[in-house]
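Hi everyone, thanks for coming. I'd like to walk you through one model today, so please have a look at it with me.

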Amino acid sequence: MKETKDYSHIKGWGIDADPENEPTYPLKNYTGDDHARTHWDRPSLQVKDVEILHSNERPTISAVFGNTLPPKGLSGIVRRFAFRYSENRYRHWLPLLLADRIDVIEGLFDDLRRGHIPNIFAEKGYKARWKHDRNGVIKKAATVVVITSCLMLLLRHGKNKQ
């Protein structure tokens, strides 16, 4: 004989046991048609008209994907490298982070090439940062100045040795 265990001491246990306490009751009228819609024709897939990078863990691309910004330039090379590896590897995600940073720099050069001088101060939101976190902006600027000065000293020192 099978022993019945009492789980009533567990908060929320059996909350769905009462069909009248079911969230869609009484709005949902179960007619059995719920299972009939499992047989459907797959809609046509999105047309692939640019290079799409996808996980090597999937045999095909997703049914819907973004195609407005295909991989290009150095950032595209880094992205192609990243997608050679599985998504559970740092060799996949770290290059993608690097590719994003490279893409920002490539975008700045593209703006300059087209004759548009980007307003980096406004685009990075420094006006709001200055208003709401003035100390943070000052610390960040001081850090950039110190690091840049150290790099310049190191480069100048290296030239003097030659």
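Let's start with pLDDT, which is the predictor's confidence in each residue, from 0 to 100. The protein chain has a mean pLDDT of 85, with 82% of its residues at 70 or more. Going by helices (DSSP runs of H or I, at least four residues, numbered from the N terminus), confidence is highest in helix 1, residues 73-82, at 96, and lowest in helix 3, residues 120-123, at a mean of 86.

A word on ground rules. This is a predicted model, where local features need pLDDT of at least 70 and side-chain atom pairs count only at pLDDT 80 or more, while totals for chains, interfaces and linings use all residues. Residues are numbered from 1 along each chain as its sequence is written, and side-chain values use heavy atoms, with hydrogens and water left out.

Now, how many salt bridges does the structure hold? There are five, counting a side-chain nitrogen of Lys or Arg within 4 Å of a carboxyl oxygen of Asp or Glu. One of them joins aspartate 100 and arginine 79, with the closest N and O atoms 2.9 Å apart. Aspartate 100 is in helix 2 and arginine 79 in helix 1, so this pair ties together parts 21 residues apart in sequence. Is arginine 79 buried or exposed? Arginine 79 is buried, at 17% relative accessible area, whereas aspartate 100 is partly exposed at 34%. For these words, buried means under 20% relative accessible area, exposed over 50%, and partly exposed in between, using a 1.4 Å probe and protein chains only.

Next, aspartate 103 bridges to lysine 72, with 3.8 Å between the closest N and O atoms. This pair links distant parts of the chain, 31 residues apart: aspartate 103 sits in helix 2, and lysine 72 in the segment before helix 1.

Arginine 113 is exposed, at 62% relative accessibility.

Finally, the rings. The whole structure has two aromatic pairs, meaning Phe, Tyr or Trp rings (for Trp, the six-membered one) with centres within 6.5 Å; planes under 30 degrees apart are stacked, over 60 edge-to-face, and the rest tilted.

Methods. Helix = DSSP H or I, 4+ residues; strand = E, 2+ residues; numbered from the N terminus.
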